[in-house]
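I wrote down each item as I looked it up, together with the rule behind each term.

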Amino acid sequence: MSTQSSRRSFLGHAAAGFSTLALPRLVQAQGTAEPPARPLQIERAVAEPVNIEVNARPIPNFEPRDRARTRFGSLEYRSGLVLTSAYRGFGGLSGIRLDAKGERFLAISDQGGWFTGRIRYAGTKMAGLDEVEAAPMLNAEGRPITEKRLWYDTEALARDGSLVYVGLERVNQILRYDFSKGGTRARGEVIPVPPGMRKLPYNKGLEALVLVPKGMPLAGTLIAMSEGGFDADGNLMAFLIGGATPGQFSIKRTDKQFISDAVLLPSGELLILERKFSWFTGINIRIRSIPLKSIAPGALVDGPVLFNADLGHDVDNMEGIDAHVTAEGETVLTMVSDDNFSMLQRTLLLQFTLVE
């Protein structure tokens, strides 16, 4: 059996429950008793700012069984990297935001850490990561957020200039950081969220955040989407926070998919990254496009599928997505995977051109 086939076989088992692979040691550490007087530190949490080295191996073909193929639905494969690091806290990447050039990045780990750095390109293809730094997310007191019980599952990321929003899935809270006050050393402020968000299910709660910029419908609104919080009709719950028309709406759930992230394009299309797992078929990844203008309090929104991938392609537990527009006018989508700190999974960075 080839290394590639063996990895996919292992990954099919490893993907079950996605983040549950990272939990056994955490559950053992926390136990069921009352929290001790001294807060516990999550095992893979970043303890202090540190420069790290990240190694990158190219992924020449997105579909190894058909190496000549580059078109996948509405996407054209550009390049990909398998990322590894000797740094113990590297991994669990669940959100990413890029600068306008697609070079500088801000990423979050689901263990309460920031990762910043620069993507190095060789022409249009990604070649590696440079200037990578890891830093802990801080609370309002300047302490790592992981010192508070269950305040570690940082799954959602949105950015509006110097303001950065981070969603915590297990407690369904949102922290706002002002990066003009020290970048990743800034302190987080808890912002008010709708009561319905606080009731989202444990470990299936807040998973995606998008801030609508000026000049678009819902400008100034923070769109918050749940991974697997269902309304009365079995559709996925989402919330409009702030802006002129706050409220709750639903995203049509189809094919038993769960939301993992989203990005808003300059065209006004909201792209939603979704995933599902089956013991029979393994992991499936897809991207749907939903018009921003269709979103309103009480609305049920849906849109076409632009992209589908499974274990026949070079994917893993894809959890983050962002977009940038090149100088040539191409819209490039960047996706990152959460390896759950498992030896059976990988941290992937993939880029595609949106061609339709």
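Predicted model: local features only at pLDDT ≥ 70, side-chain atom pairs only at ≥ 80, totals over all residues.

**Entry 1: the largest pocket**

I began with the largest pocket and asked which strand gives the most to its lining: E22 supplies the largest share, four residues. Residues are numbered from 1 along each chain as its sequence is written, and side-chain values use heavy atoms, with hydrogens and water left out.

My names for strands follow the rule that helices (H or I, at least four residues) and strands (E, at least two) are DSSP runs, numbered from the N terminus. For pockets and cavities I noted that a 1 Å grid is laid over the protein atoms alone; a cavity is a set of points where a 1.4 Å probe fits but cannot get out, a pocket is an open set with protein on both sides within 12 Å along at least five of seven lines, and lining residues have an atom within 4 Å of a point. Grid points are joined across faces, edges and corners, and a volume is the space filled by probe spheres set on the points.

I found a volume of about 550 Å³ for the largest pocket. Its lining has 26 residues, and Arg97, Leu98, Arg159, Leu264 and Asp322 lie nearest the centre. Two or more lining residues come from each of E5 (93–98), E6 (104–109), E9, E13 (206–211), E17 (258–264) and E22 (318–325). I sorted the lining into 17 nonpolar, three polar and six charged residues, where Ala, Val, Leu, Ile, Met, Phe, Trp, Tyr, Cys and Pro count as nonpolar, Asp, Glu, Lys and Arg as charged, and the others, Gly among them, as polar.

**Entry 2: the cavity**

How many cavities of 30 Å³ or more are there? By this rule I counted one, and the volume of the largest cavity is about 90 Å³. Among the residues lining this cavity are Leu83, Phe90, Phe105, Phe115, Val336 and Leu349, and the lining divides into 12 nonpolar, no polar and no charged residues. The strands that give two or more residues to this lining are E5, E6, E7 (113–122) and E8 (125–136).

Next I looked at E23 and found it mostly covered, with seven of its seven residues buried; buried means under 20% relative accessible area, exposed over 50%, and partly exposed in between (1.4 Å probe, protein chains only). In a regular strand the side chains alternate between the two faces of the sheet. Thr331, Leu333, Met335 and Ser337 point one way from E23, while Val332, Thr334 and Val336 point the other way.

Two strands pair if DSSP finds at least two bridges between them. E22 and E23 run antiparallel and are joined by seven bridges, and Thr331 in E23 is the bridge partner of Val325. Five residues lie between the strands in the hairpin of E22 and E23, where Gly329 takes a positive phi near 90°.

**Entry 3: the largest nonpolar core**

A nonpolar core is a set of buried Ala, Val, Leu, Ile, Met, Phe, Trp, Tyr and Cys residues joined through side-chain atoms within 4.5 Å. The largest such core has 27 residues, and those with the most contacts inside it are Phe62, Ile287, Phe307, Met318, Met335 and Phe352. Strands that each supply at least two residues of this core include E22, E23 (331–337) and E24 (347–354), and E24 gives the most, with four residues.

**Entry 4: an open sheet, and one serine**

I then traced an open sheet of four strands, in the order E9-E10-E11-E12, with antiparallel pairing. Its edge strands are E9 (154–160) and E12 (189–191), each of which pairs on one side only. E9 and E10 (residues 163–168) pair over six bridges, and Ala156 stands opposite Gly167 in E10.

Last, is Ser260 buried or exposed? Ser260 lies in E17 and is buried, because its relative accessible area is 0%. The C-alpha atoms of Ser260 and Ser94 are separated by 8.2 Å, although these residues are 166 residues apart along the chain.
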